[in-house]
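This report covers a two-part reading of a model: its overall makeup and a set of individual sites. Terms are given with their cut-offs where they come up.

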Amino acid sequence: MKTTITVGLLAIIAFGLAVFSCDTKDTDTSLTPTLTGRMRIVFDNVAGPSDLKLNTGTYQNAVGESFAVTKLNYFVSNIRLRKDDGREYVVPQDSSYFLIQEEKPASRTITLANVPTGNYTGITFLIGVDSLRSMADISKRTGVLDPGLNNGMYWDWNSGYIFLKLEGTSAAAPAAQNNAFFYHIGGFGRANVKINNLRAITIPFKTDIAKVQTDAIPSVQLKADVLPLFNGTTKLSIVKNSSVMFDPYSTNIADNYSQMFSYARIQANQ
Amino acid sequence: MMPLDTILLKRTGLVASLLLFALAISCQSNKGNDPIPDPVPPNPGGGVDYQTTPVTFRKPANFPDIVYDLSQNLLTVEGVALGKTLFYDPQLSRDSTISCGFCHQQFAGFGHSDHPLSHGIGGKFGTRNVPGLQNLAWGREFFWDGGVTSLNELPISPIQNAVEMDLKFSDALIRVQKSPGYPAMFKAAFGSDTVTTARFLKAISQFLLTLVSADSQYDKYVRKESGGDLNPDELAGLNLFQQKCATCHATDLFTDKRYRNNGLPAGAINDQGRYTITLNEADRLKFKVPSLRNIERTFPYMHDGRFATLAQVLNHYTSGVTDSPSLDPVLKANGKLGIALTDTEKKQVSAFLLTLTDDTFINNRAFSAN
C-alpha cells in the first residue's frame with residue numbers, strides 16, 4: 001500500500017518532468033557539450049552616405065529622380081555563419097527567420113542564441129522566405145511568418161511572402177498614385193511559377209573576426225543601402241516603373257537588392 | 001530500515017513510472033490536436049485539460065485519396081462547430097454585413113446563386129464567379145487561378161479583399177477574441193481561449209472539410225446503391241460525357257484540377273487567369289477546371305459567370321470555342337475547334353449533368369447556419 005503511494009507520488013513527479021522535457025525537445029541543444037554564446041547582427045539601413053530617415057530624408061537615384069522612403073521591410077532568413085577554420089554554423093531553421101522593419105528600430109537588431117563559441121569571419125543569409133517554410137503548415141508559421149499578422153508582408157491571393165517592401169514618394173511617381181511608388185518583391189519559385197526572387201547574400205567580415213564567447217556577444221553591423229536597390233545592375237526608374245509587385249520585372253529589383261548589403265564593422269562585446 | 005531489495009524494487013518502480021509517463025505524454029503531444037500548443041501547458045502536471053470528440057472524415061468509395069493532411073488538423077465536433085460559426089459570422093467583414101456564407105450559399109451548392117461575379121461589401125463586385133464549395137479535402141490549389149496553395153490559408157484572402165469582406169485579418173482575430181461565446185469555443189476546440197491565426201484558420205478548414213458532396217443520383221449509380229437508377233437519356237449522357245468531357249472533368253470529383261483555356265474569348269475584364277500566378281506566357285487565359293457537382297445549382301457558369309444556362313455552356317463547346325495560342329489542345333483535335341455534339345446528344349449530356357445534384361448535401365442541416 002505504502003509502496004503504491006510512493007510510486008504514485010514519484011509518477012506524478014515524472015509526469016511533470018515529462019511535460020517539461022517534451023516542451024523543450026525541439027530546440028534543446030543542451031545535450032551537445034559545445035559551449036555556446038550569442039551574436040547580434042545589426043542591419044543599418046542607409047541611403048548612400050546618409051542614414052535612412054523615413055518620410056523626411058530625400059535621396060536621388062542614378063537616373064536623377066529624387067525620392068523619399070516611407071517604408072522599408074525585408075525578410076532575412078536561413079542564416080549561416082562561417083568560422084575561421086572554414087566550417088559553417090547553420091542557425092537552426094526554427095530560429096532563422098527575421099523581419100527587418102525600418103519603422104521598428106528593435107527589429108533591426110537580431111540576436112542569434114546558442115551559437116557555438118569561436119571566431120566567425122562571415123555570414124550568409126537569404127533575403128526572403130524559402131519555399132519549404134513558405135508552404136509549411138500554418139501552425140509552423142508564427143511571429144513574423146504569420147501570414148495574417150506580419151504587417152502586410154504576405155500575398156493572400158498568391159500564397160507567399162513579400163520578401164522586400166520599399167515604398168516612398170517622388171515627383172516622378174504618377175499623380176494618380178498620390179506620387180507614391182511601391183516595390184513589393186516576392187515569389188519563392190513554387191512549381192510552374194516563373195519567377196524566384198529569393199537571393200542569397202554572402203558577406204565576409206573583411207579582416208575582422210566576430211569572437212563569440214560564453215560571456216562576450218559580438219555585434220556585427222551590416223549596411224543595407226537603398227541606393228543599390230535603384231542603381232544596381234538595372235537602373236530602376238520611378239517614372240518608368242512606379243509600382244512593381246508580382247511581375248516579371250521584379251526579378252531585376254531582386255538582382256539589385258542582392259547588391260544592397262555590405263559589411264560595416266564589428267563591436268566586440270555589446 | 002528497508003531491506004535492500006525493497007529499495008531496489010522502488011527504484012525500478014520509479015524508473016518504470018517515469019518511462020511510462022514520459023511515453024504517455026509524448027504520445028499525447030504527438031497526437032495533440034492543438035495547432036499551436038501554448039508555450040506553458042495550461043495545466044502543468046495535469047496534462048491536457050480539455051476533451052474533444054473526434055469526427056471521422058468521410059471518404060466516399062468512388063473518390064480518389066484526399067490531398068489535405070488531416071494529421072495536422074484532426075477533425076473534432078468542437079472544431080467543426082467553431083468553424084461553422086466563423087463561416088456564418090458577418091463580423092468577419094468590415095461593416096459586419098458579409099459572412100463567408102453570404103457568397104457561399106448552401107442551396108446553391110455553396111456558390112452565389114444567380115451572381116455572375118462575386119458580390120461583396122457595399123455592393124461592390126469582384127472579377128470572378130464565386131466557386132461552389134464541396135470536396136475541398138481533395139483540392140490541391142484554390143481559386144480559379146490556383147493562387148492559394150493551402151485550404152488553411154484561403155479565408156485570409158476573402159476577409160481582406162477590398163470588394164469582399166474588407167477587414168484586416170488582424171482585426172478579424174481581435175473581433176473574434178472579444179466576441180462573447182468565441183473564447184469558450186476556442187477553448188473547447190483547441191484547449192486555449194486565445195484566438196490565433198492557426199486556430200482560427202484550422203477551425204474554418206475543419207468545417208469546410210466536412211462539406212463532402214457524394215450522394216447524388218450519379219454517386220448512387222456508381223456505388224450501386226438504391227436510388228441510383230439512371231434513365232436511358234441520362235445513361236446515354238454519361239456515356240457521351242465519358243467520351244467527350246472526362247479528359248478535363250476527370251474522376252468522380254469531375255475535375256483534373258489542372259488549368260486550361262477552354263476557348264472563351266477574353267471578356268472586358270481581360271482576366272489572364274493562371275498567368276497572373278505563374279507569369280508563364282503559356283498560362284494566359286487558363287483557369288482551373290471546375291468540378292461539375294451540383295452544377296444544376298451553381299449557375300451561372302464559367303470563371304466570369306458569362307453563361308446563365310447549361311445549354312449555353314454546351315453551345316459554347318460545340319460552336320463557340322475561340323482559338324488562341326493557349327487554347328487547350330483537346331479542344332482543337334484533328335484541326336477542328338470544339339467538341340462535336342448533336343442537339344440530341346447535348347440534351348443527353350444535360351440530363352446526365354443534372355444527376356450530379358446532391359440533395360442530401362444541399363439540405364444537410366449540419367452545414368447550415370445555426
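A residue counts as buried under 20% relative accessible area, as exposed over 50%, and as partly exposed in between, with a 1.4 Å probe and protein chains only. By that rule Ser250(A), with a relative accessible area of 0%, is buried.

The model is predicted: local features need pLDDT of at least 70, side-chain atom pairs count only at pLDDT 80 or more, and totals for chains, interfaces and linings use all residues. Residues are numbered from 1 along each chain as its sequence is written, chains are lettered from A and ligands numbered from 1 in the order in which they are written, and side-chain values use heavy atoms, with hydrogens and water left out.

**Confidence**

The pLDDT is the predictor's confidence in each residue, from 0 to 100. For the complex the predictor gives an ipTM of 0.83 and a pTM of 0.85. Chain A has a mean pLDDT of 90, with 87% of its residues at 70 or more. In chain A, residues 1-30 stay under 50, and the model has 27 contacts for them beyond four places in sequence; a contact means heavy atoms within 4.5 Å. Chain B has a mean pLDDT of 89, and 87% of its residues reach 70 or more. Over residues 1-35 of chain B the pLDDT is below 50, and this stretch has 37 contacts in the model beyond near neighbours in sequence. Residues 37-47 of chain B also have pLDDT below 50, with twelve contacts beyond near neighbours in sequence. Where pLDDT is low, the predicted coordinates should not be read in detail.

**The two chains**

Helices (H or I, at least four residues) and strands (E, at least two) are DSSP runs, numbered from the N terminus. Chain A has four helices and 16 strands, while chain B has 13 helices and two strands. Of the 270 residues of chain A, 53% count as buried; for the 370 residues of chain B the share is 52%. Among contacts between residues at least 6 apart in sequence, 74% in chain A join residues at least 24 apart, and in chain B 67% do. Accessible areas come from the Shrake-Rupley method with a 1.4 Å probe, and for residues only the protein chains shown count as cover. Chain A exposes about 12000 Å², with 54% supplied by carbon and sulfur atoms. For chain B the accessible surface is about 16800 Å², and carbon and sulfur atoms account for 58%.

**Sites in the chains**

Ser250(A) is in helix α4 (residues 250-257) of chain A. Not counting residues up to four places away in sequence, Ser250(A) touches Ile185(A), Ile195(A), Asn197(A), Val244(A) and Met245(A). The C-alpha atoms of Ser250(A) and Ala106(A) are 28 Å apart, and the two residues are separated by 144 residues along the chain.

In chain B, helix α2 (residues 77-87) is mostly covered, with eight of its eleven residues buried. Among the buried residues are Val80(B), Leu82(B), Leu86(B) and Phe87(B). The buried residues of α2(B) pack against α3 (100-103), α5 (169-178), α6 (182-190) and α7 (197-209) of chain B.

The loop between β2 (287-288) and α11 (310-320) of chain B holds His303(B), and Pro300(B) also has its place in the loop between β2 and α11. The peptide bond from Phe299(B) to Pro300(B) is cis, with omega near -5°. His303(B) counts as buried at 8% relative accessibility. Its contacts beyond four places in sequence include Arg128(B), Trp144(B) and Asp271(B).

| Residue | Phi | Relative accessible area |
|---|---|---|
| Asp114(B) | about 65° | 55%, exposed |
| Phe143(B) | about 80° | 25%, partly exposed |

Asp114(B) is found in the loop between α3 and α4 (156-160), and Phe143(B) is found in the loop between α3 and α4 as well. Most residues other than glycine have a negative phi, and most peptide bonds are trans.
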